[in-house]
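Good morning, and thank you for coming. Please have a look at the structure on the screen, and I shall then take you through it.

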Amino acid sequence: MTKAWIVEENQIDQVSLLKNESLFNVANGYIGIRGNFEEGYPADKVSIRGNYINAFYEEATITYGEKAFGFPETLQKIVNVMDGQTVFVTVGEERVNLFEGELKDLKRFVNLKEGYYTRQIHWVSPKGKEVKIDITRLASFTTLELFAIHYHIEKINFDEEVIIESVIDGNVENYTNPNDPRVGASHAQLLNIVKVAEENQVLQVVGETKVSKLQVALTTAHRTNCEAGIEVNVAEKSIAARYTFDKGNAVIEFTKYNVYTDTRRHTDPVAEGICLIKQVSEQGFETIKEAQKAYLETFWEVADIEILGDEALQQGLRFNIYQLLQGVGKDQVSNIGAKGLSGEGYEGHYFWDTEIYVMPFFTLCNPEIAKQLLRYRYHILDEARARAKELGHRKGAAYAWRTITGKECSAYFPAGTAQYHINGDIAYTYIQYYLATGDQAFIKDFGLEVICETARIWLEIGHFQNGLFRIDAVTGPDEYTAIVNNNYYTNQLAKYNLSTVGKWVKELEETDPEALKAICEKISLTQEELDGFERASENMYLPYDEERGICAQDDSFLSKAVWDFENTPKENYPLLLHYHPLTIYRYQVLKQADVVLSHFLLEDDVDLEAIKKSYDYYEKITTHDSSLSCAIYSIVASKIGYEDKAYKYFIETARLDLDNTHNNTKDGVHIANMGGTWMAIVYGFAGLRIKKDHISLEPKLPAKWDGLSFTFLHKGAKIKVKVQKDKTILEVFTTQSIQIKVKDVMYLVEEDTVLEI
Ligand code: BGC
């Protein structure tokens, strides 16, 4: 196994421990377990111990100093649920503790190809007992409720009894940090333990959130390779099973099976937990590991990207893709949080990050999961409609800026509710999904309804003046500029959203008028309204600065003073942690790509010269304080032909978490950036674009690489792209005809074909 499939980190200083808790999270989109040591750390070490269930949340009242109309009353927060990680090993009379005695060797690694994480310990106790322990854990992709841990213990120089104590711990709290707006500030104690029980050595602890009244059950069973004395201790909020292995067992194998069930997915989590644990604990750990490997083999067949000539970047890239799979929700109540399931940063909330940064990967590599993510937005459409009403809109749906169940959870509206562009982002992604898959049923089942409801909001918040349609008082993607008139990005996406409704209606009129009629009736969509959409779209005002030849970020942006970058010390970044928002808002300074992002998403609306000028202008004043920025600057640099920049920004994204460059990986990995890494390769270096009637590629291999290859799916076809120094090879597997444009030459492919260009 080459290094590029393995991520290994062995340091155990405080900073590394916390960072690695995030990096070594094991998750499957349903459960997420941070990479904590099973036995914990000594009291002087800080740990963020975490066990999460996607979309399992508690609700809390938001306390405002000055509350205004329409502010959300409550927030939702992912809950740190009962801990199934805890296992203590005692050799003779000494408990294994890596911070005492002699740690002869420690290896910690995640195997990205096969989907597990291992900690290999070679330790000598203070009294000289030498032991080797391999601990492997995984969150199963084939049984989403299962988190399993396997211990392989070898006694090296002693023959005494070994005790393994396996615990379900309900004494859990969420992590808070009042000084960092990217982490929850309060509400740590979220779970009441309502049941602790044991029957036939199956342990179960049930927790219930105090306000949202959701229940979660953790059911645990064990399996060993040799006889052991078993004793179960039940406490108020926890339960422990103590396995005593007599002398003479030189090698001990011990598996802990944890099954999480919850009321958001299971009608009876308690009974279903018991039933499931019986099934899974009949399988040996190796069988579970084999199933994991098989699942990942299928996943990587399409998802993998190979870079020839740079192992560190290759590793970063695979790690990032793997985290997308680990974090992404696989049912309609869940989505992918800004940190996946690896930490509590952003409180488990879903943002536009999903649509703009994560969806491209799933749309092109795993459309089933992509569809699930779209379905989630449909599932919360009624909440978005309700939010629109709350905001005073007569019609339409206003999707929450950050949420779990669809309710707005942002207490800071200038960088929350004001980001109406999320409506455009969702519509954009629906449209891209359709272009990539040709899945017409999806338009009928929910696509048209969603993009129509998002479109309605533009008419609610915009107005005509001198023949142009303007949208005032919004915040664009760049959160260092707030509540502006005519944010270029927002207006562009609104235009695209508005114009597509009519197109889809026409398409359905021809293919399935009955279905169209039913949708129009359901949402009272009239021709008059459609005409209104078209008028607003055609006359959308898109701010442009003649003098500079660039698209203006908004009406007032370019008249502000430019931030004094020269006199801003390095330690004052990210600016949001060192300056009052108003100070930041007064200047031309960007947290992340804004106009440049829209030049990528909707490139056909602008000529290359304007894109280049915008890039040159905005790049100089962008801090990239948001991890959502670099990937976009890399992609657009590739398009313009700025090869060095494309490469430089790509490096930033590929190893952002592995190298902890934003210094906050401890709060969880940066999921949007991880999707961005994939995009920087596929949309950036390979220049892939999905157009209405063809796909196009514009490959530019970075000079430092010997080659690059990746695969994607398009309308049922599978296309493998190999970019080499002197040519590009396309292996197309298809049963239908597809038009593929490579470097401006159009090819018509009608069957399995290899193209060499
Ligand atoms: C970014 C947002 C993003 C959020 C969650 C913020 O720092 O500015 O664009 O949605 O993080 O990742």
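This is a predicted model: local features need pLDDT of at least 70, side-chain atom pairs count only at pLDDT 80 or more; totals for chains, interfaces and linings use all residues.

The protein is divided into three parts: domain 1 covers residues 3-299, domain 2 covers 301-663, and domain 3 covers 686-757.

Let me begin with the ligand.

In the side chain of Trp352, an N or O atom is 2.9 Å from a ligand oxygen. For the side chain of Lys591, the corresponding distance to an oxygen atom of the ligand is 2.9 Å. Gln592 places a polar side-chain atom 2.6 Å from a ligand oxygen. How much of the ligand does the protein bury? Taken alone, the ligand exposes 310 Å², and the protein buries 94% of that.

I now turn to the interface of domain 2 and domain 3. Their C-alpha centres lie 26 Å apart. The contact draws on 28 residues from domain 2 and 20 residues from domain 3.

The size of an interface is often given as the accessible area lost when the parts come together. Here, domain 2 and domain 3 bury about 2000 Å² between them, with 54% of it on carbon and sulfur atoms. Of the area that domain 2 buries against domain 3, Leu364, Leu435 and Tyr647 supply 28%, more than any other three residues.

What polar links cross this interface? There are 11 residue pairs in polar contact, and 4 salt bridges are found across the interface. Finally, Asp604 forms a salt bridge with Lys691, and their closest N and O atoms are 3.0 Å apart.

Methods. Residues are numbered from 1 along each chain as its sequence is written. Side-chain values use heavy atoms; hydrogens and water are left out. A polar contact is a pair of N or O atoms within 3.5 Å; within protein, one must be able to donate a hydrogen and the other to accept it, and residues adjacent in sequence count only if both atoms are side-chain atoms. Accessible areas come from the Shrake-Rupley method with a 1.4 Å probe; for residues, only the protein chains shown count as cover. Domain bounds come from an automatic or database domain assignment. Contact means heavy atoms within 4.5 Å. Buried area is the accessible area (1.4 Å probe) that two parts lose on being put together, summed over both. A salt bridge is a side-chain nitrogen of Lys or Arg within 4 Å of a carboxyl oxygen of Asp or Glu.
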